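Here are my notes on the model, point by point. Please keep the structure open while you read.

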Amino acid sequence: MSVSSISPPPTGDELPVWLQPRIPAGFAPPPHPIRLCCIMQKGGSGKSTAAVCLACEFALMGKRVRVWDVDAQLGGATHWLAPLTEDRRGEPPNLLDMLKGEASPDEVTYPTQVPGLYVVPSYTSLKQVELESSPGLENGIEWGIDNTSEPFDVEIADCGPSLGRLTIASLVGMPNVIIPLKASGFDLNALTELNRTLDLTQRRVKPELAVTAVLLSEVLKSNLTQAVFDAMCADYPNALVMGIRQSVKVREASLDSIRKPLHVYAPDATVRTDFQYLARMLARQAAA
Ligand SMILES: Nc1ncnc2c1ncn2[C@@H]1O[C@H](COP(=O)(O)OP(=O)(O)OP(=O)(O)O)[C@@H](O)[C@H]1O
Ligand SMILES: [Mg+2]
């Protein structure tokens, strides 16, 4: 699809001047249905926040959205988007059961408190699959997407902070990559290994894999931010590069005592503007 055949981007006027995103000439919104993978092997870089907040904004746009929690740690998408289920006996059927062939994709997809937004939950038991031989694991999530009875407009993976087989399975199922990172030396160093994984997965398994967006999480107005922004523009020449502002409301919303999607807990939080902009950019599609 040529860039000229897609609808015009949102103006970005709602974002402050210092936060203006970079939309390169080669930027192509992901094909529909949209399949996004939030990935970065540095812990705490904003993957779960981006996956959940973006998913909520897509759902508020009227899309049918599913978030896959592909992280065996607690505190990811399952924490934010508790599955609505009658099963009170501990872990309801979840991603692990589907990957082991013991539950269907429909059986592990749950509605959430957000209309139109569904979650495939995971618990610490998920780490089993990487330890066992688990044949076909790399194709397991793509299989789940393809074998869902009612397709979703948007599928989003919330990956854990590692580049193991589960992360590869996420990339295979959802090959439009979103990289959230903080403007710090640690996160920049981590990109080398990430780029190698993306490159190998693209060359050997999933040619359509593309880095769609790079998000500078909890961005502050500083010379360092500008330097990292420029470096990301150079390293990912076809990706949308933008900042996600720091917001105490994001931290509060994920507290155990609150645990609400950001738009429910703090509908007027400034950082929502950033995710709304990102959702609108990614939802652009071929003009009729
Ligand atoms: N824009 C933001 N403003 C303020 N706090 C934020 C923002 N984005 C993320 N955080 C906070 O930073 C912490 C890490 O964020 P998050 O859980 O999204 O990272 P992660 O990459 O998913 O981490 P992990 O690698 O452990 O899965 C959380 O406490 C979260 O609330
Ligand atoms: Mg996370």
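Which elements each supply at least two residues of the lining of the second largest pocket? Point 5 takes this up.

1. **Basis.** This is a predicted model, in which local features need pLDDT of at least 70, side-chain atom pairs count only at pLDDT 80 or more, and totals for chains, interfaces and linings use all residues. Residues are numbered from 1 along each chain as its sequence is written, chains are lettered from A and ligands numbered from 1 in written order, and side-chain values use heavy atoms, with hydrogens and water left out.

2. **Ligand 1 and its neighbours.** The shell around ligand 1 holds 18 residues, and the closest are Lys47, Ser48, Thr49, Arg245 and Ser247. A residue counts as near if one of its heavy atoms lies within 4 Å. By class, the shell has 3 nonpolar, 10 polar and 5 charged residues. Here Ala, Val, Leu, Ile, Met, Phe, Trp, Tyr, Cys and Pro count as nonpolar; Asp, Glu, Lys and Arg count as charged; the others, Gly among them, count as polar.

3. The side chain of Thr49 places an N or O atom 2.5 Å from an oxygen atom of ligand 1. Asp71 has a polar side-chain atom 3.4 Å from an oxygen atom of ligand 1. For Glu218, a polar side-chain atom also lies 3.4 Å from a ligand 1 oxygen. Taken alone, ligand 1 exposes 630 Å², and the protein buries 85% of that. The areas come from the Shrake-Rupley method with a 1.4 Å probe; for residues, only the protein chains shown count as cover.

4. **The largest pocket.** Ligand 1 sits in the largest pocket, meaning that more than half of its atoms lie within 2 Å of the pocket's grid points. Two or more shell residues come from each of α1 (47-60), β8 (240-245) and α9 (248-253). Of these, α1 gives the largest share of the shell, 3 residues. Helices (H or I, at least four residues) and strands (E, at least two) are DSSP runs, numbered from the N terminus.

5. β7, α8 (223-235) and β8 are the answer to the opening question. This pocket has about 160 Å³ of space. It is lined by 15 residues, and Trp18, Leu19, Thr225, Gln226 and Phe229 are the closest to its centre. α8 gives the most to this lining, with 4 residues. The classes are 8 nonpolar, 6 polar and 1 charged.

6. **The cavity.** The whole structure has 1 cavity of 30 Å³ or more. On a 1 Å grid over the protein atoms alone, a cavity is a set of points where a 1.4 Å probe fits but cannot get out; a pocket is an open set with protein on both sides within 12 Å along at least five of seven lines; lining residues have an atom within 4 Å of a point. Grid points are joined across faces, edges and corners, and a volume is the space filled by probe spheres set on the points. Cys53, Cys56, Glu57, Leu262, His263, Arg272 and Phe275 line the largest cavity. α1 gives the most to that lining, with 3 residues.

7. **Backbone points to check.** Most residues other than glycine have a negative phi, and most peptide bonds are trans. The His32 to Pro33 peptide bond is cis, with omega near -10°. Pro33 is in the segment before β1 (34-38). Ser134 is not a glycine, yet has a positive phi of about 40°. Ser134 lies in the loop between α4 (127-131) and α5 (140-146).

Terms used: A polar contact is a pair of N or O atoms within 3.5 Å; within protein, one must be able to donate a hydrogen and the other to accept it, and residues adjacent in sequence count only if both atoms are side-chain atoms.
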